[in-house]
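Me: Hey, I've just opened this one and I'm new to it. Can you walk me through what's in here?

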Amino acid sequence: MFRKMRRFKQQISFEECQDILRRATSGVLGLHGDDGYPYTVPVSFVYAEGGEGLGTIGFHCARTGHKIDAIRRNEKVSFTVIDRDEVMPKERTTKFCSVIAFGRARILEGEEALRRAANAVGAKYSKGFEDLYMQETEDTIRADTLCCVEITIDHMTGKIGRQLLLERERMETAE
């Protein structure tokens, strides 16, 4: 169902993909937008291992708008994270590492699911301010304004640029 990576020698391991998703602070969500146009939007997110797929990606957002309309229309999404992107002008290339995940998005319902998702995002981005983000979660649940989305990852690949791959191989050889 999913294509194999054409440049398979540059494919990074599943574990490295997970590490990148854990440490990244933003990614780009790809959706089937209005009138058949693709719609991509950057989001802050949290990655969790397990579940029925290869893990989950979660984020909170407004309850209405292009993103939510697109998810309601078509649950299939992609999510891209660029871990490293260093332009090398003289060599006319870049040192990069990225991950792309394909999955199914769902809008979470129920106070417990919303609380779990919002607090996971808060724990990642507001470490040390637990009382503040937990209170905000409770306030938005009470006001019925909290919207959280969870993507179940069905397929995920990561790729490393040739320059970084060569550096990595040189370092491993030197050890």
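Reply: S3 and strand S4 (residues 56–61) run antiparallel and are joined by 3 bridges. Strands here are DSSP E runs of at least two residues and helices are H or I runs of at least four, numbered from the N terminus. Two strands count as paired if DSSP finds at least two bridges between them.

Me: Which residue in S4 is the bridge partner of Val46?

Reply: Gly58 is the bridge partner of Val46.

Me: Before we go on, where does the model come from and how are things numbered?

Reply: The model is predicted, so local features need pLDDT of at least 70 and side-chain atom pairs count only at pLDDT 80 or more, while totals for chains, interfaces and linings use all residues. Residues are numbered from 1 along each chain as its sequence is written, and side-chain values use heavy atoms, with hydrogens and water left out.

Me: OK, back to the sheet. What order do the strands come in?

Reply: The order is S2-S1-S5-S6-S7-S4-S3, an open sheet of 7 strands with antiparallel pairing. Strand S2 (38–43) and strand S3 (46–48) each have a single partner strand, so one side of each has no neighbour in the sheet. From one strand to the next, the twist averages 30 degrees. Angles run from 0 to 180 degrees between N-to-C directions, using axes fitted to C-alpha atoms, for helices over the stretch in contact.

Me: And which strands does helix H3 lie across?

Reply: Helix H3 (residues 111–125) lies across S3, S4 and strand S7 (147–160), at about 50 degrees to S7. Contact means heavy atoms within 4.5 Å. Helix H5 (residues 162–174) lies across strand S5 (76–88), strand S6 (93–107) and S7, and runs at about 110 degrees to S6.

Me: How many helices and strands does the chain have?

Reply: The chain has 5 helices and 7 strands. Along the sequence they follow α-β-β-β-β-α-β-β-α-α-β-α.

Me: What lines the largest pocket?

Reply: 15 residues line the largest pocket, and Arg63, Leu108, Leu114, Asp144 and Leu146 lie nearest its centre. H3, helix H4 (130–142) and S7 each supply at least two residues of that lining.

Me: What about the second largest pocket, how much space is there?

Reply: About 180 Å³. Its lining includes His60, Tyr125, Glu136 and Leu146, and H3 and H4 each supply at least two residues.

Me: Last one: Asp144. Where is Asp144, and is it buried or exposed?

Reply: Asp144 is in the loop between H4 and S7. At 53% relative accessibility, Asp144 counts as exposed. Buried means under 20% relative accessible area, exposed over 50%, and partly exposed in between, with a 1.4 Å probe and protein chains only. Phi of Asp144 is near 60 degrees, a positive value in a residue other than glycine.

Conventions:
On a 1 Å grid over the protein atoms alone, a cavity is a set of points where a 1.4 Å probe fits but cannot get out, and a pocket is an open set with protein on both sides within 12 Å along at least five of seven lines; lining residues have an atom within 4 Å of a point. Grid points are joined across faces, edges and corners, and a volume is the space filled by probe spheres set on the points.
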